[in-house]
Structures are given as C-alpha cells and as structure tokens.
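Here is a short briefing to read beside the structure. It goes topic by topic.

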Amino acid sequence: MRLAENKRHFSLPFHVVKRLDTPKKQYWMIKVAGFLAAFLLAGIICTILRPGSFGTFYAEMFIGVFDPTDMTVFFEFLETAGILLLVAFALAPAFKMKFWNIGGEGQILVGCLVTAGITKFMAGTSDAVVIIISLFAAIAAGILWAVIPAIFKAFFKTNETLFTLMMNYVAMGLIALFINIWVPSGSQVFGRLTNGALPNLFDIKYSFNILVVIIVVTLMIIYLKKTKHGYELTVVGESVNTARYVGINVKKVIIRTMVLSGAICGLVGFLLVAGHHHTLSTGLADGRGFTGVLIAWLGGFQPGQMILYSFLVAIFQCGSRHAASYMAMNSSDFSAIVTGMFFLVVIASEFFVNYKIMLKGKENNNEPVLATVPSVDLANSEEQLEQIEEVSRDEAIENSEQPVEEPQEEKKPAPKKASNKKPAKKVDNKKKTAPKKSKKEAK
C-alpha cells in the first residue's frame, strides 16, 4: 500500500536480529541495566507524586530494608524475600514440567483457611499440639487443591492454566463463606488469633519463618539438581514422547510434582497465619502466588537466579512501602505500583537478551543469527512487485511467439526376420535296443 504519491517513505534504519546465544557477561550486564533502570524509574514516579522527594525516596527506601536502629526491619525484609522464594520454588517444578500452575494463590489461601480454622476451634489446647496439627492440615489442604487439576490434566487432558486459575477464586470464596459463618456479627473481620503462634527463636521476630524457608529451599535445590525425580520432570518438560520412550510414567510425574507444589504452598499458608499475621482474610496471600510465578520465570527456574530476584522484589516492596508511609502516601498502593513497574522494566530487558538491534549496512556476518526482521519500505516494495509482474508478462508473450516444435516420433527398430531353417533334430547317440520277442514267436 502506497502511503503518499511521489514521495520516498520512512524506512527503519535498523534490523531486529534474534540471538542464537548470549554471552554470560553480556547477559548479566543487561540484567543489571534493567534493575538500575527500574530503580531510577521508581524515584521518578515518586517525584511526580511528591515533587522534590527524589533523594528522600531513596533514603527512606534504604531504611525500609535495613534500619541500623531497628533490626526487626531487616528480619521483616528477610521474611518477605523468603516467603516469595518459597512460592517460587513451589511453582518452579511444575513450570519445568510445562505444567502451567497459576493456582499458587489458591493453594496458599486454603492453607491459611485450614490453619486459622484449627487454631480457632482448638483454643485452650497446647500451642505445640495446635501448631503440629495445623501444619499437617495446611499441607494436606494445599496438596488437595493442587492434585485436583493435576488429575484432570493427566487423565482428561484439561487446560491446567484455566483450571488452576479458577481454583484461586474458589479458595477466596470459601474463605469469605467461612468468615461469615465464624463471625456472626457480620463485620467480615475474623479477628486476631490468640493461640497457635510460632515461637520467635532467640527473641528475633519472624525467625521461625526464616529458618523454615532456609531448610525447605535447601531441600528443593537438592531435589531439583540431584535426584531422579528432578531429572524425570525435566525430561517430561522437554518432550513427553521422549519421556514415554525411556519408560517414564508421565501421569505419575505430573501428579507427584503437583503434590509437591501444593504441599509447599500449603506450608506458605501455614507460615502466613501462624508465623506472621495471626488472622484470616481473602487478601492474606497478597498476590504472592502470582509474584512467585514471575520470580520463577525471570530466574529461568534456576535456584540462584530465583534467590536473586526474590531479594530484588523484596527490596522494592519493603523499601517503597516504608518510603510511601514516611511521605504520607498510601503505602500498599504505591508499593504495588513500584513493584509492578520493576517487573515491567525487567521483563522488557529480556528483549535485549534474546534479540539485538543492528544498523543497516553494519551487520556482522561472522556472528550466526537465527532470523531477522527487516524494516519494510512500502513504496519500494510496491514498485518491485510491479516490475516483477511486467517481466513475467513479457516472458509469457515471448514464449507464446516462439514456434512450438512438434515432438519427433521415435523410430522403432525393425523386427528380425524369422529364419526358414528348421531346427536340427537332436541325434540320440545311444544304441537302440531291439524289442524282445515272445516265446511263441521264437518257436
């Protein structure tokens, strides 16, 4: 399509080229540049909302992560990063298996629901008994919530993405229903639980949660890297047919992996109720199930990178929340904006990991590329098409004017004349024996 008559039109001066392989040094340079860009953009957003607060934002953000006068702030930051990391490690095995588990939020919420219910109705019982029972019940609830879509996927080939996503809303509805039942006043506020709280080791707040995270993450790294089950789910993710060919039971692997994911998410729900909030609400998971998906994906399902991204996200969440509170802004909304912007910029930087921009005429022919996306000049492309049509029309006319040579008939070889000579009879060299005479003829 021609945009304007008798004018040369805009043509992009570069090509977008897909990389076959990105050097490790360049890969990390792009990642660091994305993080710094997100960090700078967060200060710009804060300055727009509160003019003149650019430097104050970064100072208060640092205090929100590490306050020298109050170590509780630092341990709260560690607990925030640890919970996000635990969710990421819960979802990573399923994603490595190409099972798109978007139901981490619901699996966490049912763990919260069961923990709060047991703690409420076992008031007066020893805290140790309540903690043990609610721990196993929360893990069982998370497993149940994860196994249901896994069974349907393994045996009926259902869409696990939609199935697990819808299970999140069912979990939210169950919490709202039970809060209405347990709180007859209609206030929709569950209230604070007075028993079943996890102890603070060495009088450090959230220390029990941090210890559990360290143990579970260590075990998960060993599971993914050093065990047969970790190898099997990787093979299933790469090719289901290959897994079946080498004798792996794919249905068993799917269900087993989702049992593990659901168990860890149920554990997260238990930690949120018994070790942090000591209450119940539909927003208790606070989007951690979806944030864990992003952390696992950005980390490439590699333990080291997932740990790094969980700490970066925790820096933005805790730091921006404290800075917003200091500057009299809505801390939760501002933290959500800054964290979402961080993910947007970091995901956008992934483009430069997988692609590169090359100026026209300066392509490096020595570097292998997989595909190119060239810019298109619409006017020139139309003229080229017209020239091709004219040339093809002229060739067709020339071919029609040339005389057509009739195909020559192939001369068949003359048949050989039959010879009049009769075939010679075979002479039997054997002596002919006279017939024997009977006795009467002999007489």
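## Briefing on the predicted model

Leucine 308 counts as partly exposed, because its relative accessibility is 36%. Leucine 308 sits in helix 12, which spans residues 303-326. The model is predicted. The mean pLDDT of the chain is 83.

**Confidence**

- A pLDDT of 70 or more is reached by 79% of the residues.
- Residues 369-379 have a pLDDT below 50. This stretch still has 25 contacts in the model, beyond near neighbours in sequence.
- Residues 426-434 also have a pLDDT below 50. Beyond near neighbours in sequence, this stretch has zero contacts in the model.

- Which distance separates leucine 308 and leucine 85, C-alpha to C-alpha? The value is 9.2 Å, for residues 223 apart in sequence.
- Threonine 194 and threonine 119 are 75 residues apart along the chain. Their C-alpha atoms are separated by 8.6 Å.
- Threonine 194 belongs to the loop between helix 6 (160-182) and helix 7 (207-226). Threonine 194 is exposed, because its relative accessible area of 79% is over 50%.

**Nonpolar cores**

- How many residues does the largest nonpolar core have? The number is 91.
- Phe57, Leu86, Leu280 and Phe342 have the most contacts inside this core.
- Helix 10 (residues 250-277) gives the most to this core, with 13 residues.
- Phenylalanine 57 touches Ala42, Gly43, Cys46, Ala323, Met327 and Phe334, leaving aside residues up to four places away in sequence.

**Helix 13 and threonine 339**

- Threonine 339 lies in helix 13 (residues 331-354).
- Is threonine 339 buried or exposed? Threonine 339 is buried, because its relative accessible area of 8% is under 20%.
- Its contacts are Val313, Phe316 and Gln317, not counting residues up to four places away in sequence.

**Aromatic pairs**

- The count of aromatic pairs comes to 24.
- One of them joins phenylalanine 39 and tyrosine 58. The ring centres are 4.9 Å apart and the planes stand at 50 degrees, so this pair is tilted.
- Phenylalanine 39 is in helix 1 (residues 24-49), and tyrosine 58 is in helix 2 (residues 54-65). The pair therefore ties together parts that are 19 residues apart in sequence.
- Phenylalanine 39 is partly exposed, with a relative accessible area of 27%. Tyrosine 58 is buried, at 18%.
- Why is the pair of phenylalanine 66 and phenylalanine 74 edge-to-face? Their planes stand at 85 degrees, and over 60 degrees counts as edge-to-face. The ring centres are 5.6 Å apart.
- Phenylalanine 66 counts as partly exposed, at 31% relative accessibility. Phenylalanine 74 is partly exposed too, with a relative accessible area of 23%.

**Aromatic cluster and a charge over a ring**

- Phe35, Phe39, Phe54, Phe57, Tyr58, Phe316, Phe334, Phe342 and Phe343 form one aromatic cluster.
- Lysine 18 lies over the face of tyrosine 355. The distance from the ring centre is 4.9 Å.

**Cysteines**

- How many disulfides does the structure hold? The count is zero.
- Cysteine 112 is buried, with a relative accessible area of 0%.
- Cysteine 265 is also buried, with a relative accessible area of 0%.

**Positive phi in loops**

- Phenylalanine 301 has a positive phi of about 60 degrees, although it is not a glycine.
- Phenylalanine 301 lies in the loop between helix 11 (288-298) and helix 12. Phenylalanine 301 is buried, with a relative accessible area of 17%.
- Alanine 328 also has a positive phi, near 60 degrees, and is a residue other than glycine.
- Alanine 328 is found in the loop between helix 12 and helix 13. Alanine 328 is exposed, because its relative accessible area of 63% is over 50%.

Terms used:
Residues are numbered from 1 along each chain as its sequence is written. This is a predicted model: local features need pLDDT of at least 70, side-chain atom pairs count only at pLDDT 80 or more; totals for chains, interfaces and linings use all residues. Side-chain values use heavy atoms; hydrogens and water are left out. Helices (H or I, at least four residues) and strands (E, at least two) are DSSP runs, numbered from the N terminus. Buried means under 20% relative accessible area, exposed over 50%, partly exposed in between (1.4 Å probe, protein chains only). A disulfide is a pair of cysteine sulfur atoms within 2.5 Å. Contact means heavy atoms within 4.5 Å. A nonpolar core is a set of buried Ala, Val, Leu, Ile, Met, Phe, Trp, Tyr and Cys residues joined through side-chain atoms within 4.5 Å. Rings of Phe, Tyr and Trp (its six-membered ring) pair if their centres lie within 6.5 Å; planes under 30 degrees apart count as stacked, over 60 as edge-to-face and the rest as tilted. A charge sits over a ring if NZ of Lys or CZ of Arg is within 6 Å of the ring centre and within 35 degrees of the ring normal. pLDDT is the predictor's confidence in each residue, from 0 to 100.
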